[in-house]
Amino acid sequence: DDPMENPQEVLNECLEKFSTPDYIMEPGIFSQLKRYFQAGGNPEQVIELLSQNYKAVAQMANLVAEWLILGGVNVTEVQAMVENHLKDMILKTFDPKKADTIFTEEGETPAWLTEMIEHPTWRSLIYRLAEEYPDCLMLNFTIKLISDAGFQREITSISTAAQQIEVFSRVLKTSISNFLESSDDWQSSVEECAKMVCHGQHTYVYSQVLLQVLSLESKGGSKV
């Protein structure tokens, strides 16, 4: 934290956060508690605020889900209902500026984000959000995480892939491989590859240079 921070301002900022519903469930709760106590915060006040504003929304959702399962609804169906509702809520309320503060509050890649990209439902949500908010640093970082995890074949949006050279390179590699390996649907593969290459001036120049270098390779260069 900034050593020049005004203790009273820190206290006011922390108290404002502690007064929001279910703040005790937020990932940044521990870092904010640390700031609060370092600024001379009163333990009794923070305990009172966090407990008074605990609404247990997540726990209530879990309870309703358990009731539905006990009532005979299929577990997979209940999970899909909860996930779809969460997706709709996130799409309606997503704030790219708040999302970018995740890294400043956490100081590193949050564990929940790494776990999140393991699930197809949440990866598809990230793709949709990245299309809508191309300048969001958190989303661009998450797209790279998804690509690093080996899911680049899912990144079908060229504008999303073109935001980062590493991600674009992997998606382009997949597209070129599909083109070279396809025999039946080669025309579709050519169109897909051309669409990616011609997305913008930077993608066109980069792809041309890459293909030129590949064509000079002794193994398989003639195919390119």
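D22 sits in the loop that runs between α1 and α2. In this predicted model, the residue has a positive phi of about 60°, although D22 is not a glycine. D22 is also buried, with a relative accessible area of 11%. A56 belongs to the loop between α3 (43–52) and α4, and at 14% relative accessibility A56 counts as buried.

## Domains

The protein chain is divided into domain 1, covering 7–55, and domain 2, covering 162–223. Taken over C-alpha atoms, the centres of domain 1 and domain 2 are separated by 51 Å.

## Nonpolar cores

The largest nonpolar core has 31 residues, and within it M138, L139, I143 and I155 touch the most other members. Several helices give two or more residues to this core: α6 (96–106), α7 (111–116), α8 (120–132), α9 (137–148), α10 (158–161), α11 (165–181) and α12 (186–197). Of these elements, α8 gives the most, with six residues.

The surroundings of I155 can be described in detail. When residues up to four places away in sequence are not counted, I155 touches Y127, I143, S147, T160, A161, V167 and V171.

## Salt bridges

The structure holds six salt bridges. Three of them are set out below, each with the distance between the nitrogen and oxygen atoms.

| Salt bridge | N to O distance |
|---|---|
| E13 and K17 | 3.6 Å |
| E13 and R35 | 3.2 Å |
| D148 and R170 | 2.6 Å |

E13 takes part in a salt bridge with K17 and also in a salt bridge with R35. Where do E13 and R35 lie? E13 is in helix α1 and R35 is in helix α2 (residues 29–38), so this pair ties together parts of the chain that are 22 residues apart in sequence. The pairing of E13 with K17 is a matter within one helix: because the two residues are four apart in helix α1 (residues 7–18), about one helical turn separates them.

Is R35 buried or exposed? At 8% relative accessibility, R35 counts as buried. E13, by contrast, is partly exposed, its relative accessible area being 33%.

The side chains of D148 and R170 meet in another salt bridge. This pair likewise links distant parts of the chain, with D148 in helix α9 and R170 in helix α11, 22 residues apart. D148 is partly exposed, with a relative accessible area of 39%, and R170 is partly exposed as well, with a value of 27%. Which residues form a network with D148 and R170? Through salt bridges that share partners, K144, D148, E166 and R170 are joined into one network.

## A nonpolar surface patch

M60, L63, V64, W67 and L70 make a nonpolar surface patch of about 530 Å². L63, one of these residues, lies in helix α4 (residues 57–70). The relative accessible area of L63 is 30%, and the residue is partly exposed.

## I90 and its contacts

I90 has its place in helix α5 (residues 75–93). At 28% relative accessibility, I90 counts as partly exposed. Which residues are in contact with I90, once its neighbours within four places in sequence are left aside? They are W122, L125 and L129. L129 is 39 residues from I90 along the chain, and the C-alpha atoms of I90 and L129 are separated by 9.2 Å.

Terms used:
Residues are numbered from 1 along each chain as its sequence is written. This is a predicted model: local features need pLDDT of at least 70, side-chain atom pairs count only at pLDDT 80 or more; totals for chains, interfaces and linings use all residues. Side-chain values use heavy atoms; hydrogens and water are left out. A nonpolar core is a set of buried Ala, Val, Leu, Ile, Met, Phe, Trp, Tyr and Cys residues joined through side-chain atoms within 4.5 Å. Buried means under 20% relative accessible area, exposed over 50%, partly exposed in between (1.4 Å probe, protein chains only). Contact means heavy atoms within 4.5 Å. Domain bounds come from an automatic or database domain assignment. A salt bridge is a side-chain nitrogen of Lys or Arg within 4 Å of a carboxyl oxygen of Asp or Glu. Patches are made of residues with over 30% relative accessible area and no salt bridge: like charges are joined within 9 Å, nonpolar side chains (Val, Leu, Ile, Met, Phe, Trp, Tyr) within 5 Å. Accessible areas come from the Shrake-Rupley method with a 1.4 Å probe; for residues, only the protein chains shown count as cover.
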